[in-house]
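Welcome to this tour. Keep your viewer open and get ready to select residues as we go.

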Amino acid sequence: MSDATLLAISPLDGRYASKTESLREFVSEYGLIRFRLAVEVAWLHLLVDTGWFDASLPPAVSDRLSSVVDHFSVDDAQAVKQIERETNHDVKACEYYLANLAREHGADDKLIALLHFGCTSEDINNLAYAMMLKRARDDVAAPELESLAGLIADRAADWAALPMLSRTHGQTASPTTMGKEFANVLARLDREIATLKSAPVLGKFNGAVGNFNAHMSAIDDVDWPALSKKLIQAVGVDYNAMTTQIEPHDWIAEYLQVISRIATILIDFSRDCWTYISLGYFRQKTVAGEVGSSTMPHKVNPIDFENAEGNLGMVVALSNHLANKLPCSRLQRDLTDSTTLRNLGTVLGYLSIATASLAKGIGKLQIVEAALEHDLEQSWEVLAEPLQTVMRRYGVADAYDQLKALTRGQVIDASRLQEILANIDLPAEARSKLAELSPRTYVGLAAQLTHEYLSKRGG
C-alpha cells in the first residue's frame with residue numbers, strides 16, 4: 001500500500017483503492033475534467049461548422065484539441081488544476097487550458113473567442129456529469145451487477161430441486177428449495193438492472209437561466225435550441241429543453257433511486273446468506289493464510305456478506321440523500337448541488353466494493369445437504385398445511401381448526417402425522433396421496449418455477 005492510500009481519508013481511495021480502480025477513469029476529478037473538455041471541444045467544432053462566425057479551425061488545432069480528449073492524461077489534468085489555482089474557477093480553468101493549447105497550434109483570436117461561447121458553467125458541468133454517470137453505469141456498474149446476477153443464476157440452477165425448510169417469522173414453514181430462494185433474488189435484481197440500464201440520461205445547454213438569452217443577443221435569427229440538442233445528442237445524452245440555469249437533476253435522482261433499490265435487494269440477500277451460513281446450510285471454502293478470528297482458530301466468518309451489507313448500507317444512505325437533495329435548487333439555482341454532485345462517484349464506489357464482496361462470498365459457498373435434511377426431518381408439522389387444504393377440498397368442516405388443535409405448539413414426527421391422518425375423514429385416494437408426503441417432497445412447484453425463470457432469462 002502506497003503512502004497516498006495509507007493517508008487517504010476515504011476508504012475508497014485508501015483500503016479499497018484497488019477495488020475501485022475501474023471507476024477512476026470516469027468518476028474521479030480527472031474524469032470530470034476530461035468530460036468537461038470533451039463538451040467544450042464538441043461545442044467549438046459545432047459552432048465553427050455552422051459558418052455563422054468569421055472563424056476557422058485549422059487542422060493542427062482541431063487535431064490537438066481532439067487528442068487532449070481522446071488521450072487525456074493525468075499530466076493534462078494537473079495542468080488544468082494549475083490554472084484553476086489562479087482562476088479559482090474549475091470550468092473557467094478548462095476554457096483557459098484549451099485556449100492555451102489552441103494558440104500554441106496556430107489558433108487566432110476569432111477562434112479563441114468561440115471557446116465557451118454563450119455558455120454558463122452549468123452547461124458544461126451538467127453534460128460532464130451526465131457523461132460520467134452514463135459511462136460509469138455502462139462500463140462498470142451494470143457489467144459488475146450482471147456478473148453477480150450470473151453467479152446467483154448458476155446457484156439457482158444448481159440447487160433448483162434441493163429441498164430446504166422455509167422460515168417465515170423465524171418459524172418453521174412450508175418447504176422451498178435453495179435454488180428457488182436464489183431465483184427469487186435473481187428476479188428482483190434482473191428487473192432493477194434492466195431499469196438502471198434503460199434509465200434516461202438528460203442534459204441541458206441553454207445558457208445562464210435556460211432561455212438562450214446570450215445566444216439570441218449575439219445572433220437572433222437561428223435555431224439555438226436545435227443546435228443545443230445536436231450538441232447534447234453528440235455527446236451521448238438525451239435533450240432536456242425545459243430548465244433553469246441547472247438541469248434539474250430529476251434523472252440523477254431516478255438513477256440513484258434504482259441503485260438504492262438494487263443495494264436494498266442485495267442487503268436482503270446478504271443477510272439471508274449470512275443466516276444460511278449460521279444455520280449450517282452452507283459452509284465456506286477456506287482460503288490458505290486467511291484468519292477467521294484473532295482468538296478462535298476454528299472460525300470461518302461470513303465476512304464477505306458482512307462487508308457487502310455494510311458497504312451497501314453506505315450506497316443506500318448516500319444515494320437516498322443525493323436523490324432527495326439534488327432536485328431541489330432555490331429559484332433559478334443555488335450552489336448546493338455543486339458540492340454534493342462530487343459524491344456521485346462515492347455511491348458507485350461503495351456499490352462496486354459490495355458487488356465484489358458478494359461475488360467472492362458466493363464463490364465460497366458449499367451446500368451442506370445433511371443440514372438441510374436434518375431440519376426437514378425435524379419439521380413434520382409443516383405438513384399440517386397440505387392436510388387441512390385437502391380436507392377443505394373434500395368439504396371437511398373446520399379443517400383449519402382441527403389441524404390447529406392437533407399440531408400447534410406440539411412436536412410432530414412422521415408417525416404422529418400418520419396417526420392424525422388416520423383419524424381424518426377423507427377418500428382413500430386422497431389419504432394415500434397425503435401419506436406419501438414428507439417435508440422433503442412438499443416443495444410445490446419450486447424447482448419448476450426456478451427452471452422456467454432461468455430459461456426465460458437465458459440462464
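Is Val222 buried or exposed? With a relative accessibility of 19%, Val222 counts as buried, because the cut-off for that word is under 20%. Before you go on, keep in mind that this is a predicted model.

**Stop 1**

Select Val222 and look at the loop between helix H10 (213-218) and helix H11 (224-234), where Val222 lies. Val222 and Glu419 are 197 residues apart in sequence, and their C-alpha atoms are 90 Å apart in space.

**Stop 1: the largest pocket**

The largest pocket holds about 580 Å³ of space. By type, the lining of the largest pocket has five nonpolar, eight polar and four charged residues.

**Stop 2: the second largest pocket**

Move on to Asp13, Val27, Ser28, Gly345 and Thr346. These lie nearest the centre of the second largest pocket, which is lined by 17 residues. Its volume is about 370 Å³. Helix H2 (21-27), helix H3 (29-50), helix H8 (121-158) and helix H15 (344-364) each provide at least two of the lining residues. This lining splits into seven nonpolar, six polar and four charged residues.

**Stop 3: the cavity**

Rolling a probe the size of a water molecule over the atoms shows where empty space is left. How many cavities of 30 Å³ or more are there? The count comes to one. The largest cavity contains about 50 Å³ of space. Select its lining: Glu122, Asn125, Asn126, Tyr129, Ala130, Leu202, Glu247, His249, Trp251, Ile252 and Leu341. H8 and helix H12 (250-279) are the elements that give two or more residues to this lining, and H8 has the largest share, with five residues. Six of the lining residues are nonpolar, three polar and two charged.

Stay here and pick out Glu122, which sits in helix H8. Glu122 is buried, because its relative accessible area is 4%. Leaving out residues up to four places away in sequence, Glu122 touches Lys204, Gln245, Ile246, His249, Arg333 and Asp337.

One of those contacts is His249, found in the loop between strand E4 (238-239) and H12. His249 counts as buried, because its relative accessibility is 2%.

**Stop 4: two positive phi angles**

Most residues other than glycine have a negative phi. His249 is not a glycine, yet its phi is positive, about 70 degrees. Now jump to Asn88, in the loop between helix H5 (74-87) and helix H6 (90-104). Asn88 also has a positive phi, about 55 degrees, although it is not a glycine. Is Asn88 buried or exposed? Asn88 counts as exposed, because its relative accessibility is 72%.

**Stop 5: a buried charge**

Select Glu40 in helix H3. Glu40 is buried but has no salt bridge, and the nearest side chain of opposite charge, Lys92, is 7.9 Å away. Apart from neighbours within four places in sequence, Glu40 is in contact with Val91, Glu95, Leu98, His116 and Ile124.

**Stop 6: salt bridges**

The whole structure has 25 salt bridges. Here are some to select:

- Glu21 and Arg24: their side chains meet in a salt bridge at 3.3 Å, N to O. Both residues lie in helix H2, three residues apart, which is about one turn of the helix.
- Arg135 and Asp139: the closest N and O atoms of this salt bridge are 3.0 Å apart. The two residues are about one helical turn from each other, because they are four residues apart in helix H8.
- Lys81 and Glu29: this salt bridge spans 2.9 Å, N to O. Lys81 lies in helix H5 and Glu29 in helix H3, so the pair ties together parts that are 52 residues apart in sequence.

Definitions and conventions
Residues numbered from 1 in each chain as written. Predicted model: local features only at pLDDT ≥ 70, side-chain atom pairs only at ≥ 80, totals over all residues. Heavy atoms only, no water. 1 Å grid on protein atoms, 1.4 Å probe; cavity = no way out; pocket = protein on both sides within 12 Å on 5 of 7 lines; lining within 4 Å. Points joined across faces, edges and corners; volume = space filled by probe spheres on them. Nonpolar A, V, L, I, M, F, W, Y, C, P; charged D, E, K, R; others polar. Buried < 20%, exposed > 50% of the residue type's maximum accessible area, 1.4 Å probe, protein only. Lys, Arg positive; Asp, Glu negative; His and termini not counted. Salt bridge = Lys/Arg side-chain N within 4 Å of Asp/Glu carboxyl O. Contact = heavy atoms within 4.5 Å.
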